[in-house]
Amino acid sequence: RVQEVARRVRVRAIPPWADRRAMAEVYRQSRELRATGINCHVDHIIPLRGKTVSGLHTHNNLRVVLAEENLRKGARFLESAL
């Protein structure tokens, strides 16, 4: 149920001009790293539903990070992530 809500938020946050191929490339890179045993996530630099700011689901708002870093960051915007 929580995943379903998160997916709906993500879908609504994709603007029509988003480069879906570039986004798919970020997710492909993440899958490749996980296949080698590296525990990583695709992180939204500016969270889709942050407390102070809300970002978009676009390739330039995505990055591959270690899972522990993403879990520590949570749904916060950290300027150091830029």
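Student: What distance separates the side chains of Thr58 and Asn60 in their polar contact?
Tutor: This is a predicted model, where local features need pLDDT of at least 70, side-chain atom pairs count only at pLDDT 80 or more, and totals for chains, interfaces and linings use all residues. Residues are numbered from 1 along each chain as its sequence is written, and side-chain values use heavy atoms, without hydrogens and water. A polar contact is an N or O pair within 3.5 Å; within protein, one atom must be able to donate a hydrogen and the other to accept it, and sequence-adjacent residues count only if both atoms are side-chain atoms. For Thr58 and Asn60, the value is 2.6 Å.

Student: Is Thr58 buried or exposed?
Tutor: Thr58 sits in the loop between β1 (40-44) and β2 (62-66); strands are DSSP E runs of at least two residues, and helices H or I runs of at least four, numbered from the N terminus. Buried means under 20% relative accessible area, exposed over 50%, partly exposed in between (1.4 Å probe, protein chains only). Thr58 has 3%, so it is buried.

Student: Which residues does Thr58 touch, beyond four places in sequence?
Tutor: Contact means heavy atoms within 4.5 Å. Residues up to four places away are not counted. That leaves Pro15, Trp17, Ala18 and Met23.

Student: How far apart are the C-alpha atoms of Arg21 and His59?
Tutor: Arg21 belongs to helix α2 (residues 20-35). At 75% relative accessibility, Arg21 is exposed. Arg21 and His59 are 38 residues apart along the chain, yet their C-alpha atoms are separated by 8.5 Å.
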